[in-house]
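Please consider the structure shown below.

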Amino acid sequence: MKRPSIGGDESDSKRIKSDEADCPRNPSDTEKIDQAEGTASSTHTQEPKSDLPKLPEGFVSIDALSRGEGIVSVIGIVQESEPILRAARGTRDWKQSLRIGDASTRPGERVRVNLFAKDESHLPNPNIGDILILRGVRDTGYQAASQLVGSSGGYTWHIVCKKPGSSDRKAPWTTPLEPAVVEFCQRLLDWDSEKNETEAVSELLGLEVDKPVLVGRSHTLLDGLQAALDGNGYIDTTVEVLAIHPYETEPNRYTVWATDYTRNPEWESHNSGFNFFDWCPVPFRPYAFRIEFWDDAAVVAPTMKKNGYYNLRNTCVRRDNFGLIEGRQREAKITLLNEDDEYPHLKALVQHTVNASLRQ
């Protein structure tokens, strides 16, 4: 079967590096963030959309963040936790990037948190599913992405661990949590556990089961990813792998480029200006989807086959810091398919491949 010639065996040396993708392009912006000061905004007060008790006084629900409104305090569930690295610019403090959500957010609406510290040990480094309490972070944003920033020495944090028996942690300069905050965090952990158990039952039975806030995901073609952004943010999809790029600075992270040979018009212009895309022929760029592989999925990534067919489940669809659509695969819900498998979505992909070959 004829396919476009794609050179997909290069490392990420020609792609935008992790810090460059996550931080503002202007070198002075990081320094400005580190010096950011402000006052708490009263415009953020909003209760979560769930059966949870009212947020403790002084805290903001994540869906109420409006960017640029000053200094806020939030309580969120850690969804992604990146390795601690030196910031690439500015004061070159230690930096950790996280993504958190709460009962007010749907998947894909989680907010990025960039935390800075002079001492590496002063960063929280939480596990996925832990509760992170932040006070004194700046409600800001970059292009289309929401963002919270904690400047070195200018914020406090607590971690309430998800794992039973684990010790909760806090920044060295932080006072103990108030009883109302402790109670709220326990209720939030219970809510998150119930949500995850319900989703597991739904996956096992192949049925849609009522969930506390979130809704189910569906099989999606890549030309319809914009609808996933408006929905629950998670999809199942069937793709052919074009290229697998390891990160030089992060051994447990990979970028996988994939296609189902459906054309996404948004990529027509957006996928043309990035130097990490120079391995892909220009006419094929509107067909190529970038997926970041983390955690359990990163164990599978180096074993994947170029031009192999795969079913990906529970893939998060979101916009990156440049406003571009990307995928995030954290769980190892990845199945290698054979071309002759009796699987309707694979048959459709193979037909799309044939049609693309005929257009060459």
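The paragraphs below begin with strand pairing and end with ring pairs.

The model is predicted: local features need pLDDT of at least 70, side-chain atom pairs count only at pLDDT 80 or more, and totals for chains, interfaces and linings use all residues. Residues are numbered from 1 along each chain as its sequence is written, and side-chain values use heavy atoms, with hydrogens and water left out.

Helices (H or I, at least four residues) and strands (E, at least two) are DSSP runs, numbered from the N terminus.

Two strands pair if DSSP finds at least two bridges between them. Strand 1 (residues 70-81) runs antiparallel to strand 3, joined by 4 bridges, and V78 stands opposite I100. Strand 4 (residues 111-117) pairs with strand 3 in the antiparallel sense over 7 bridges; there, V111 is the bridge partner of I100.

The whole structure holds 3 aromatic pairs (Phe, Tyr and Trp rings, the last by its six-membered ring, with centres within 6.5 Å; planes under 30 degrees apart are stacked, over 60 edge-to-face, the rest tilted). Y261 and F284 form an edge-to-face pair, at 5.8 Å centre to centre and 65 degrees between the planes. Y261 lies in the loop between strand 11 (254-259) and helix 5 (266-270) and F284 in the loop between helix 5 and strand 12 (289-293), so the pair ties together parts 23 residues apart in sequence.
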